[in-house]
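The following exercises ask the student to read a protein fold step by step. Please consult the sequence and the structure shown below while working through each solution.

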Amino acid sequence: MSTPSAAHLTDLAEPAGIAARARGLTKAYGSGETTVLALDAVDVDIARGRFTAVMGPSGSGKSTLMHCLAGLDSVSAGQVWLGDTEITSLRERELTRLRRDRIGFMFQAFNLLPTLNARENITLPMDIAGRKPDAEWLERVIDTLGLRDRLGHRPAQLSGGQQQRVACARALASRPELIFADEPTGNLDSRAGLEVLGFLREAVDELAQTVVMVTHDPGAAAHSDLVLFLGDGRIVDRMERPTAEAVLERMKRFDSLGAVPSARADASVRGGSDGPGSAGASSPGAPQAAGADDPLRKD
Ligand SMILES: Nc1ncnc2c1ncn2[C@@H]1O[C@H](COP(=O)(O)OP(=O)(O)OP(=O)(O)O)[C@@H](O)[C@H]1O
């Protein structure tokens, strides 16, 4: 099992505010007899400046929760706030702008543009938005992620881990209020996956960012400050200062209750792209490269 450094064992009792909040968040897909209640009146606070992981069996609502918190999906009932902004009442155009300006996204598929070099990919969302990056911040992100000597390379000239680091830098470049990462290590080997988790950790510890990560992997979740466990569309448990072993044990309790197993029982840090609960990036509502959920989409 991967054992993250103890550096992040900060005092969880006093978060620096709430980055995102949901009350009575309910999401139903379909209608009539085929209705699926993906989220069932979820109340959640995402603490600012913390690294929160979301785990649970396949189909428990992890991706749906992330999409609703990020304004990528509409809600059936309840309210969601990003900071002080209630996003559930926003129109699509305003939501698009909010996602672009205030949220960073990292997906299992890196979604880098092949014709642009690393630096151009990192600043692309801001270029599209017509915003100038904060130069000092951008340089700090680049150095923190160790991309300084790769900035002129195109994605094809980079390893998978380096590409994911570019995706991570892109998510950080605009200094968003909140970064959502959906199985960010799912396409990486364990070493590259550990690197990316380390960088997300650094983004929180060194750059005071807020990260919410959906993962199937207890080893990945162990890099977070807090794990939220979803079961049947509800938050059924939470674990502060998680270890991979403790998370795995908690996930086994879902299995013994007959839920579809989702946690990998091996020591790998990978996100389970080939594991039993692997539908994370391909579930019906999961964001893909284009469309309303594309963080790069121009308003
Ligand atoms: N667009 C959709 N249409 C119909 N049902 C959906 C849609 N998106 C998700 N669901 C259903 O909602 C429930 C929650 O799905 P969700 O993708 O949020 O689960 P998850 O915990 O992320 O699963 P996984 O670990 O397999 O990725 C599932 O029963 C799923 O089939």
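**Exercise 1.** In which sense do strand β3 (residues 51-55) and strand β9 (residues 226-231) pair, and over how many bridges?

*Solution.* The model under study is a predicted one. Step one: the pairing of β3 with β9 is parallel, and it extends over four bridges. Step three: the two strands belong to an open sheet of six strands, in the order β6-β7-β8-β3-β9-β10, whose pairing is mixed. Step four: β6 (103-107) and β10 (234-240) are at the edges with a single partner strand each, so one side of each has no neighbour in the sheet. Step five: on average, neighbouring strands of this sheet are turned by 20 degrees against each other, direction ignored.

**Exercise 2.** Describe the sheet that contains β1, beginning with the order of its strands.

*Solution.* Step one: four strands form an open sheet with antiparallel pairing, in the order β2-β1-β4-β5. Step two: β2 (36-47) and β5 (85-86) are the edge strands, each pairing on one side only. Step three: β1 and β2 pair in the antiparallel sense over eight bridges, and Y29 has V36 in β2 as its bridge partner. Step four: these two strands make a hairpin with six residues between them, and G30 in the turn has a positive phi of about 75 degrees. Step five: β1 (residues 18-29) also pairs with β4 (residues 77-82), in the antiparallel sense over five bridges. There, A20 has L82 in β4 as its bridge partner.

**Exercise 3.** Which residues have the most contacts inside the largest nonpolar core?

*Solution.* Step one: this core has 76 residues, and C168, A169 and L200 have the most contacts inside it. Step two: helix α6 (residues 190-205) gives the most to the core, with eight residues. Step three: apart from its neighbours within four places in sequence, A169 is in contact with I122, V141, I142, L145 and L147.

**Exercise 4.** How many residues of helix α1 (residues 62-69) are buried?

*Solution.* Step one: eight of the eight residues of α1 are buried, and the helix is mostly covered. Step two: the buried residues include K62, S63, T64 and H67 as well as L65 and M66. Step three: G71 follows α1 and has a positive phi, near 70 degrees. Step four: for the protein chain, 47% of its 299 residues count as buried.

How values were computed. Residues are numbered from 1 along each chain as its sequence is written. This is a predicted model: local features need pLDDT of at least 70, side-chain atom pairs count only at pLDDT 80 or more; totals for chains, interfaces and linings use all residues. A residue is buried if 20 or more other C-beta atoms lie within 10 Å of its own, exposed if 12 or fewer, and partly exposed in between; C-beta atoms are placed from the backbone. Two strands pair if DSSP finds at least two bridges between them. Axes are lines fitted to C-alpha atoms, for helices over the stretch in contact, and angles run from 0 to 180 degrees between N-to-C directions. A nonpolar core is a set of buried Ala, Val, Leu, Ile, Met, Phe, Trp, Tyr and Cys residues joined through C-beta atoms within 7 Å. Two residues are in contact if their C-beta atoms, placed from the backbone, lie within 7 Å.
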